Amino acid sequence: MTNPDQQSPQQLAHKASHAILDQLPQLTHRGLVVDSPPGAGKTTLVVQAAEALAQTGIPCIVIAQTNSQVDDLVRRLAASPHNLKTARLTGQDYTLPDDLLMLPRTRISTRINDLETAHVIVGTAMKWATVRDRQWPWAIIDEAYQMRSDVLLLTARLFDKALFVGDPGQLDPFSTVQTHRWQGLAHDPMSSAVAVLLDKNPNLPVHTLPVSWRLPPSAIPLISDAFYPFTPFHAGTRDADRALTFTTAGIRSPYDPAIEHAAQTGWALMELPARYTQHTDTEALHTTLGIAERLLTRITHVTDETEPQPHPLRPRDIAIGVAHRGQARHLRLLLAQHYPRLQGVTIDTANRLQGHEFSVTIVLHPLSGRSDASAFHLEAGRLCVLTTRHRHACIVVARAGIAQLLDAHPSNEPEHLGATTTIPDGWEANHTVLEHLARHAVGPGQPRY
């Protein structure tokens, strides 16, 4: 994105974060919302806000959505140079990582009574919902767009004011039960906490973090246009800061055009012949694994702003993202049976990859091989997560014919009066992404079996 003020990314980010932190002590509203693009430093802002409140003598609680998010925040807070007294409110059934038990100035308990002297107490939203007869001046809600509105209602009695930090382009809250009975109703529990908050409090201040430190410059135009059209952002690095290079050539494989094109441009689309396959497409799954294996066989070297000297790409630097848990299970089984070299590669769904980053991501397109375009597969947040986990390059594997599928089946889900549907946005976002990827298409691979 063009920077009209010619300010450096560091200056833009510093200005935005300080505007947020400076407003906290004098906030007259009950809440403040911070929208963040992928990799813009949400966790850093949460830690900075907790530090700022603690330095003024104001204790606060931090509400995250998953245990892994809570554990990460506790580690970051424990490393604060401000000697924060940090506490981790945990559930009875959760097994804490061993390293959390060794952190300095950090108390851990299942009972809030044991933690009340801490400057900052961190826990999941569902754990906080069990706390009674307590109240704090401030709460910081991390990944606020993934919090359900009913969970916000259960925890709102715990604090006077709140800082809501989240990524509006990521996946909406989800449930393991059918929720259609509530769609369109004012009390729909599956509405995003931030959406309901802003609907009921339209005058709340909203800030935006303007820089992504994860995504390379090659990713910014597409991701901003497809998923963040109202809040454009900039890359924190230059084109020359990051590179993928290959130290060996070897016998050419069907996967070389894809990985070489992705190394040059940041994107590649490996398009397989059109065919209806639904959930399990063994050929496409082998293709994703073959691409990952070829990246390691070519002894790919990585350069970035944190390590200017080239260093080898490792399996843990690669992720393969899919839409369904069944696809992820099948991929792991194929890896164990046929691709021993890929041990350490992350394979998971968009829901579980959310919040993580890798040097290279390989994505099986959610609509690949499908005969319909359901709400689940059209969801903009799912495609956004899958295409925003990379620091260097993203390679998409897909069956031909997705554009025609979108034109023939804009949606097969019912519309609900009063509901804010994401289907048109998902349909439009998919077309935007496909139009961009068409310029980076390479021929079909020949996977092994």
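Visitor: Let's start with Asp304: is this residue buried or exposed?
Guide: Happy to begin there, and do keep in mind that this is a predicted model. Buried means a relative accessible area under 20%. Asp304 has a relative accessible area of 7%, so this residue counts as buried.

Visitor: Which side chain does Asp304 meet in a salt bridge?
Guide: A salt bridge needs a side-chain nitrogen of Lys or Arg within 4 Å of a carboxyl oxygen of Asp or Glu. For Asp304 the N to O distance is 3.6 Å, and the partner is Arg391.

Visitor: How many residues apart in sequence are the parts that Asp304 and Arg391 tie together?
Guide: Asp304 lies in the loop between strand 13 (300-303) and strand 14 (311-312). Arg391 belongs to strand 18 (residues 390-399). The pair therefore ties together parts whose separation in sequence is 87 residues.

Visitor: And is Arg391 buried or exposed?
Guide: The cut-off for buried is under 20% relative accessible area. Arg391 has a value of 12%, so Arg391 is buried.

Visitor: Ser359 touches Arg391; where is Ser359 placed?
Guide: Ser359 has 10% relative accessibility, so this serine counts as buried. Leaving aside residues up to four places away in sequence, Ser359 touches Val302, Leu313, Asp317, His390, Arg391, His392 and Ala393. Its place is in strand 17 (residues 358-364).

Visitor: How many salt bridges does the structure hold?
Guide: Another example is the pair of Asp199 and Lys200, with the closest N and O atoms 3.9 Å apart. Both of these residues are exposed. The total for the structure is 25.

Visitor: Which residue meets Arg75 in a salt bridge?
Guide: The N to O distance is 2.6 Å. This pair links distant parts of the chain, 24 residues apart: Arg75 is in helix 3 (residues 67-78), and its partner is in the loop between strand 3 (86-89) and strand 4 (106-109).

Visitor: Glu51 is buried yet has no salt bridge; what is the nearest side chain of opposite charge?
Guide: Glu51 sits in helix 2 (residues 42-55). A salt bridge would need the atoms within 4 Å. The nearest side chain of opposite charge is 8.3 Å away, and it belongs to Arg76.

Visitor: Which side chain makes a polar contact with the side chain of Glu51?
Guide: Not counting residues up to four places away in sequence, Glu51 touches Ser80, Pro81, His82 and Leu84. One of these makes the polar contact with the Glu51 side chain, at 2.6 Å: Ser80.

Visitor: What is the phi of Asn83, a residue other than glycine?
Guide: Asn83 lies in the loop between helix 3 and strand 3. With a relative accessible area of 49%, Asn83 is partly exposed. Its phi is positive, near 55 degrees.

Visitor: Which loop holds Asp133?
Guide: Asp133 also has a positive phi, of about 55 degrees, although it is not a glycine. At a relative accessible area of 75%, Asp133 is exposed. Its place is the loop between helix 4 (125-128) and strand 6 (136-142).

Visitor: How many disulfides does a search of the whole structure find?
Guide: A disulfide is a covalent bond between the sulfur atoms of two cysteines. Among the cysteines, Cys60 is buried at 1% relative accessible area, and Cys394 is buried at 0%. The search of the whole structure gives a count of zero.

Visitor: Stepping back to the protein chain, what percentage of its residues count as buried?
Guide: The chain has 15 helices and 19 strands. Among contacts between residues at least 6 apart in sequence, 77% join residues at least 24 apart. The accessible surface comes to about 20,200 Å², of which 52% belongs to carbon and sulfur atoms. Of the 449 residues, the buried share is 53%.

Notes: Residues numbered from 1 in each chain as written. Predicted model: local features only at pLDDT ≥ 70, side-chain atom pairs only at ≥ 80, totals over all residues. Heavy atoms only, no water. Helix = DSSP H or I, 4+ residues; strand = E, 2+ residues; numbered from the N terminus. Buried < 20%, exposed > 50% of the residue type's maximum accessible area, 1.4 Å probe, protein only. Contact = heavy atoms within 4.5 Å. Areas by Shrake-Rupley, 256 points an atom, 1.4 Å probe, with all protein chains shown as cover. Lys, Arg positive; Asp, Glu negative; His and termini not counted. Polar contact = N/O pair within 3.5 Å; in protein donor to acceptor, adjacent residues only side chain to side chain. Disulfide = S-S within 2.5 Å.
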